[in-house]
Amino acid sequence: MALLSATDQQALREAFAGITRPVTIVFVTQTIGCETCDETRQILTEITDVTPQVTIEEVNLVLESERAASYGIDRAPGLAILAGEEKADTRIRMLGAPSGYDFMSLIDAILLVSGASPQRLSAETEARLAGVTDPLTVHVFVTPT
Amino acid sequence: MAFASEHITSITVQATEFHDLARKHRVSGVPKTVASNGAEILGAYPEQQFVEELLGPVAPDAQS
């Protein structure tokens, strides 16, 4: 049974119509001990069902640990979003199933890096970010509801 | 911000799935933002305030 209603699927399809760069989602998974990996896979499939511009690359956390580590992901389910044919790292990561409001965060991230929606940061913020020269990792803790 | 800056990595974490990470960063409510520079922000803030909390206030000489 699909997670998204037909109306929501159509809304997604329309939002994705503006995609100008393909998106690759690296999906770090593991066979045993990942309670939400199946749910995450289903959520990601719902996205790829409505657009060919988003592809999923599954990486097994145990069998392909080096590749997962190259994205800084040591948990499953974990997502890394890459943009363009060149699969440029957007430095956007998600740990845990992108369910509830987090699903919209994932969609927003895809729309942003694919060119379908513009960067919405203010000029002041962009100026501040230009002054960031040291690596900065920002964890944002959320819950599904 | 991660997309806009090559130095910033953004990691959204489902606190209910990764209790150890939530405990490590003393997450008592969501959303909670914890940055590697020591900044901690509990709650959702407007963009400008969030950026100031995260990166610190703009230095006085930078405002001239």
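**Entry 1: helix α4 of chain A**

I began with what the buried residues of α4(A) pack against: β1 (23–29), β2 (54–60), β3 (78–83), β4 and β5 of chain A, together with β1 of chain B. I took helices (H or I, at least four residues) and strands (E, at least two) as DSSP runs, numbered from the N terminus. For contact I required C-beta atoms, placed from the backbone, within 7 Å. The model is predicted: local features need pLDDT of at least 70, side-chain atom pairs count only at pLDDT 80 or more, and totals for chains, interfaces and linings use all residues. Residues are numbered from 1 along each chain as its sequence is written, and chains are lettered from A and ligands numbered from 1 in the order in which they are written.

I looked up the helix itself next. α4(A) covers residues 101–113 and has 13 residues. From first C-alpha to last it reaches 19 Å, close to the 18 Å expected at 1.5 Å a residue; the expected span is 1.5 Å times one less than the number of residues.

Buried means 20 or more other C-beta atoms within 10 Å of a residue's own, exposed means 12 or fewer, and partly exposed is in between, with C-beta atoms placed from the backbone. In α4(A), D102(A), L106(A), A109(A), I110(A), L112(A) and V113(A) are buried. They cover an arc of only 165° around the axis, which puts them on the same side of α4(A). That arc is taken from the directions from the helix axis to the C-beta atoms. Y101(A) and M104(A) are exposed, on the face turned away from the buried side. After α4(A) comes G115(A), with a positive phi near 90°.

**Entry 2: chain B and its first strand**

I read chain B along the sequence and found the pattern β-α-β-β-α. Buried residues make up 30% of its 64 residues.

How many residues of β1(B) are buried? Seven of the seven are, so the strand is largely enclosed by the rest of the structure. I8(B), S10(B), T12(B) and Q14(B) point one way, while T9(B), I11(B) and V13(B) point the other way.

Then I checked the pairing, which needs at least two DSSP bridges between two strands. Strand β5 (residues 136–142) of chain A runs parallel to β1(B), joined by seven bridges. Here V140(A) has T12(B) as its bridge partner, and V142(A) stands opposite Q14(B). Strand β4 (residues 88–95) of chain A is also parallel to β1(B), with four bridges. I92(A) is partnered there by S10(B).

**Entry 3: where the chains touch**

I found 36 residues from chain A and 33 residues from chain B in the contact. On the chain B side, β1 (8–14), β2 (32–35) and α2 (47–55) each supply at least two residues. β1(B) gives the most, with seven residues.

Most residues other than glycine have a negative phi, and most peptide bonds are trans. I looked for exceptions.

The bond from A76(A) to P77(A) is cis, with omega near -5°. P77(A) sits in the loop between α3 (65–70) and β3 of chain A. The bond from V30(B) to P31(B) is cis too, with omega near 0°. P31(B) is in the loop between α1 (19–24) and β2 of chain B.

K87(A) is not a glycine, yet has a positive phi of about 55°. R91(A), also not a glycine, has a positive phi of about 65°. R91(A) is found in strand β4 of chain A and counts as buried, with 24 C-beta neighbours inside 10 Å.

Notes:
Contact = placed C-beta atoms within 7 Å.
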